[in-house]
Amino acid sequence: MNAEDKQKSDTIISTKDLNVWYDDFQALIDVTMDIPEKSITALIGPSGCGKSTFLRTLNRMNDLIESAKTTGSVLYRDQDIFHSSMEVSELRRHIGMVFQKPNPFPMSVYDNVAYGPRTHGTKSRAKLDDIVERSLRGAAIWDEVRDKLRQNALGLSGGQQQRLCIARALAVQPDVLLMDEPTSALDPISTTKIEELILQLKENYTIIIVTHNMQQALRISDGTAFFLLGDLVEYGSTDIIFSTPSDKRTEDYITGRFG
Amino acid sequence: MTRKKQNTMQENIKRKRVERIIHGIFLMLGLITVGCVLLITIYLVVSGIPAMRTIGLKEFLLGRKWASTAAEPKYGILPFILTSIYGTSGAILLGVPVGFFAAVYIAKIAKGKIKWLLQSAVGMLAGVPSVVYGLVGMMVLVPWIRKLFKVPDGSGLLASIIVLAVMILPSIIKVSVTALEAVPPEYEEASLALGATPIETYFRVSVPSARSGIAAAVVLGVGRAIGEAMAVMMVAGNAPNMPSLFESVRFLTTAVASEMSYSSGLQRQALFSIALVLYFFIMLINAALNFFLKRGNVKKL
């Protein structure tokens, strides 16, 4: 009872009866889910199960897909993100995103990180220097790029590019970080580094991560949500989901019987 | 060795020979282009140099007076050079902003029917023959300038600039749209996800990523403008004055075109020299274009 109360008070994002269609195809069906603050929530499930759609709905990046239609509600800190008074760019500033494929801009390392703050009006050189360093440190990549700040970011390795993208997201001081399979394009060593980084980031940020890697979900997440064909089948603490899932389909998936 | 095997070997040799012959034919066809360029270059240099020698290079390029049929002829082409440069710059100054923003709109903002409408309009504008541009300029634009600015004659540099600006729009728009559409959507997504608005994203991410293509588009526009003869001939007035917005002017192209039919002797040779100067400008522009296109390729890798 106590634990439940605590979780409720810490909820940062909560969805209710969230449905998403792409034309006639329903990608999410009545998803109701509360996501606690300063924790790592993993979204798992086979390809096409709706987990990425769910993730991209949370900062309304799904708006970019013209055929997408959404019903239901998503509350971020008790504000309806679909309400007409919600400024989408403001929402995305608070709910940042890291993509599957590292996608630094074709600019210098420095300009990549400074992009967000500059866009939001920070002009002072000293302030920007400070933000860039802090963000790169926060993404555990400062030591590797401190001498390369003026070099084109596309010259970095894939793992470095992804951590740069995380630094770029941190630079606008978000509240929540959405990560869409952030390590699926990376080698094992880079993956380990990013996982360690995500665990560190939990101190200050709420992280929601889509992953195809069961081990990864088990290693880093506090809560796990299993999606199947647009349904949120089971959601709970990662330990319980992976040890004693209550739904047969969850068990089948995590033991590798399908997907 | 069996007979069959021998046959296949012969067959192979024959095939290789056919391959080689076809290869040779294609090479020859390709060389025709190179041959044409070489021929034109050599012809222009050979026939353009003598007049420059006779007149004197400085006198020719920097002379402010062109009077080829006077009793004491003068062959100074500075008015033509400056008119071509001013006219082209003016057209770029007017055409590039319009073309650039139109390209951003078409490539990034316009959707559905509006996008289709704009794109077909640009395509049609590209297909309008230059004599039609000249005709409309002459019948509509020139009288309009005359009335609006209260000048005795509306034809001149301003009319030419406006006609040229419209004429270069399609090349600028088409090439810029292609460059903007080639920007990886991941860049734009990353920007939007950082809380940038769509407009901020287009100008801070998409345009900078497409800049070498857009630069190539501008250079292409410069090339079209400086090489255009027919349309400007109809609206420029064609008197060899030093360039001035409301006065009759002559471009490098129209200088050649307007006198060629009745020229002779040194006058004719001087016209070849003008063509050589024009050719030199075009070569410069081509070099610039190649530079931008190459840089674009390197960046994509």
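This report walks through a predicted model of chain A, from its overall build to a few of its residues.

## Confidence in the model

The mean pLDDT of chain A is 92, and 96% of its residues reach 70 or more. Residues 1-9 of chain A are another story: pLDDT stays under 50 there. For that stretch the model has 1 contact beyond four places in sequence.

## The overall build

Chain A contains 11 helices and 10 strands. Its radius of gyration is 18 Å, close to the 18 Å that the globule rule gives for 259 residues, so chain A is as compact as a globular protein of that length. Along the principal axes, the C-alpha atoms fill a box of roughly 55 × 45 × 40 Å.

How many of the residues are tucked away? Of the 259 residues in chain A, 54% count as buried. The accessible surface comes to about 11800 Å², and carbon and sulfur atoms account for 47% of it. Looking at contacts in chain A with a separation of 6 or more, 67% are between residues 24 or more positions apart.

## Strands side by side

Take strand S1 (residues 11-22) of chain A, which runs antiparallel to strand S4 (residues 68-76) and is joined to it by 8 bridges. One pair to look for is A:Lys16 with its bridge partner A:Ser73 in S4(A). S4(A) also runs antiparallel to strand S5 (residues 79-80), with 2 bridges between them. Here A:Leu75 has A:Asp80 in S5(A) as its bridge partner. S4(A) and S5(A) form a hairpin with 2 residues between them, and A:Arg77 in the turn has a positive phi of about 45 degrees.

Now move on to strand S6 (residues 95-98) of chain A. Parallel to S6(A) runs strand S7 (residues 176-180), and 4 bridges join the two. A:Met97 stands opposite A:Leu178 in S7(A). In a regular strand, side chains alternate between the two faces of the sheet. In S6(A), A:Ile95 and A:Met97 point one way while A:Gly96 and A:Val98 point the other way, and all are buried.

## A closer look at A:Thr57

A:Thr57 lies in helix H2 (residues 51-58) of chain A. Is this residue buried or exposed? A:Thr57 has a relative accessible area of 2%, so it is buried.

What does the side chain of A:Thr57 reach? It reaches the backbone oxygen of A:Thr53, at 2.6 Å. Leaving aside residues up to four places away in sequence, A:Thr57 touches A:Leu18, A:Val20, A:Asn62, A:Thr70, A:Ile81 and A:Phe82.

Note on methods. Residues numbered from 1 in each chain as written. Chains lettered and ligands numbered in written order. Predicted model: local features only at pLDDT ≥ 70, side-chain atom pairs only at ≥ 80, totals over all residues. Heavy atoms only, no water. pLDDT = per-residue confidence, 0-100. Contact = heavy atoms within 4.5 Å. Buried < 20%, exposed > 50% of the residue type's maximum accessible area, 1.4 Å probe, protein only. Polar contact = N/O pair within 3.5 Å; in protein donor to acceptor, adjacent residues only side chain to side chain. Rg over C-alpha atoms; globule rule 2.2 N^0.38 Å. Areas by Shrake-Rupley, 256 points an atom, 1.4 Å probe, with all protein chains shown as cover. Pairing = 2+ DSSP bridges.
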